[in-house]
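Walk through this chain with the coordinates open.

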Amino acid sequence: MKFLKRDKNGDGTGPAGNAGGSAAEAGPDATARGAKSRFAMPFSSKAAPPPRQADAASGVAPATPVRGGTKRAGLSIAGLTGGVRNLQSKFGRRGSATAAGERKPGEKQIAAAKKAIQTPADISRPEVGVLAFGKKKTAVALQWIPPEEDVSVKERLAELTEHSHSDPTQLSATFRFYTDTRNTGFMGIGSQELGHSVGMRALVTMLSPQITGDRWVGAFQISPNGEQWWIGSIRDGKVFDDQVVNSRHQAEEVLLNDLQAPDWTAIFAPSEWGISGSRSEQLHEVVDLRLGEKLRSSTPVKDNLPRALLGTMVVAVALGGFTYVQSKKAEQARQLEELRLRAAASVTYEAPDLPWFMASDIRTFISDCGARIEDALLMVPGWENQPLSCSITRGEGSVATGWARNGGKTTWLRSLMPPQRPVPIFSEDFTTASWSEEFSSEVATGDEMSVTPWDPQVMESRIRERFLHYDLPINIRPAAGNQSAATNQVVFNAHEVQLSSELGFANFGDMLKDIPALVPDALVYSPATGIWDLTFRVNHPPIFPPEMR
């Protein structure tokens with residue numbers, strides 16, 4: 001996860017904290033940052049002159065009632081970590097004299113540290129948020145946030161969980177795990193949905209400081225085919241970057257963006273990228289499995305309760321004797337058989353139970369969401385565009401986006417929003433704004449029960465073959481929560497598919513329309529990178545309980 005906005009001007013006046021002047025000094029001529037010139041659609045710039053009546057010199061509009069605790073109240077990771085932005089003032093401006101160069105590790109020190117490292121070169125990614133070196137699992141893509149004196153860890157995790165469940169641009173997750181703050185200055189937040197678990201170490205904290213120095217940044221290939229990359233960085237003990245991307249192109253852009261901060265003691269990148277002063281070590285050559293911050297649980301009592309109960313039961317059984325054990329086993333067996341018979345009698349299988357019930361046709365989904373994203377792209381001077389996302393569930397659609405303040409004024413954003421649209425919701429410190437709009441989309445129903453899903457292996461092979469000659473990053477993986485068997489209800493497993501393109505997907509719907517049991521998930525456009533991401537699920541044939549076969 002990236003939580004710090006970088007200084008994109010190279011002179012300290014970038015979005016990390018507007019070090020070069022106040023919001024008022026930035027003036028109305030400031031242009032929106034982050035959006036590149038290449039758009040997949042013929043977007044029209046909606047930027048217009050700022051309103052004649054500007055707000056106060058501070059750039060903050062008069063206080064307005066704001067609802068807290070939900071996405072509609074402007075709650076976002078960027079808003080929660082707004083206090084981190086002023087840390088960039090400690091990083092120094094480009095070309096400024098710092099002691100960073102003196103902290104670069106020497107060749108002998110690096111060689112000695114590498115000799116002590118025994119990390120396996122076998123790297124895999126068994127879960128979305130897990131990177132494994134052999135059998136040793138580490139946590140990646142954590143949410144890094146600063147601690148607050150007046151807010152407990154549980155309250156912060158609950159706040160992030162609520163935001164995750166209400167934000168369609170993010171994977172819905174329940175955050176239960178966190179790292180200590182003594183060494184990194186921030187809490188690394190993890191969730192079981194991403195594969196994180198108690199005791200797992202945060203990978204970004206596991207690189208040997210004798211090899212990296214105090215300020216390091218690196219892009220490391222983590223898949224043999226080059227489709228997945230991990231970008232990590234630490235500056236003066238503070239986590240600067242920790243994310244996984246699905247293409248070399250994205251990895252290069254993220255790394256080059258990070259390099260706008262000055263005075264690195266180590267830069268890790270493939271030699272063919274031609275980055276001056278970079279080193280080409282592989283990830284396993286710099287990761288020390290003995291180092292790193294471990295994830296803790298925010299609910300240790302709940303986590304340990306099953307083991308505590310098991311221990312109590314063992315003691316009770318030992319004291320009760322063999323006769324007691326045998327009688328309890330017979331009673332439990334009778335109850336389980338009765339429950340099994342009741343469950344078998346109550347199992348039903350109807351059209352609304354199907355995951356693809358009232359799912360949008362993929363061509364309609366791409367067309368409707370593409371048009372909604374195009375219409376919602378609003379470029380405002382002094383405000384950075386955040387990714388735009390669109391999803392449709394059983395005919396009910398939603399498009400959402402946001403902005404990060406970079407010298408602009410709240411009145412500029414308010415005035416440029418069309419009057420018929422919902423108003424943007426600002427965070428409490430007015431550094432970010434969020435916006436969403438609901439809409440309806442046409443769906444066809446009636447023949448869901450006649451759909452016959454493809455075999456998972458056949459499905460994956462056909463999808464990869466169809467996009468083989470288009471040179472598009474594609475990621476196909478089994479969905480989280482898949483089950484190998486059914487007990488008392490029908491199980492619907494699926495594969496999740498993600499496609500990335502700089503040209504949009506207007507012409508790709510026909511290549512996917514014949515895939516049965518396909519359910520579109522989201523269409524996302526990033527103005528900062530010019531990349532479109534299309535995600536959808538392809539369901540497998542259902543697995544029935546024994547009683548229904």
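Start at D514. At a relative accessible area of 40%, D514 is partly exposed, because that value falls between the 20% and 50% cut-offs. This is a predicted model, so treat each value as a property of the prediction.

Which residue does D514 meet in a salt bridge? The partner is R466, with N and O 2.7 Å apart. The pair ties together distant parts of the chain. D514 lies in the loop between β19 (494-501) and β20 (518-526). R466 belongs to helix α12 (residues 456-466).

Strand β19 brings in another pair. E496 and R477 meet through their side chains in a salt bridge, 3.6 Å from N to O. This pair, too, links distant parts of the chain: E496 sits in strand β19 and R477 in strand β18 (residues 474-478), 19 residues apart. How accessible is E496? Its relative accessible area is 23%, which makes E496 partly exposed. R477 is partly exposed as well, at 29%.

Now look at R363. Its salt-bridge partner is D361, and the closest N and O atoms are 3.1 Å apart. R363 has 36% relative accessibility and counts as partly exposed. D361 has 28% and counts as partly exposed.

Why do such pairs form? Side chains of opposite charge can pair when their charged atoms come close. The structure holds 13 salt bridges. Some join into a network, which links K114, R279 and E281.

Finish with confidence. The chain has a mean pLDDT of 75, and 69% of its residues reach 70 or more. Residues 1-102 stay under 50. The model still has 242 contacts beyond four places in sequence for that stretch. Residues 301-319 are also below 50. Here the model has four contacts beyond near neighbours in sequence. Where pLDDT is low, the predicted coordinates should not be read in detail.

Definitions and conventions: Residues numbered from 1 in each chain as written. Predicted model: local features only at pLDDT ≥ 70, side-chain atom pairs only at ≥ 80, totals over all residues. Heavy atoms only, no water. Salt bridge = Lys/Arg side-chain N within 4 Å of Asp/Glu carboxyl O. Buried < 20%, exposed > 50% of the residue type's maximum accessible area, 1.4 Å probe, protein only. Helix = DSSP H or I, 4+ residues; strand = E, 2+ residues; numbered from the N terminus. pLDDT = per-residue confidence, 0-100. Contact = heavy atoms within 4.5 Å.
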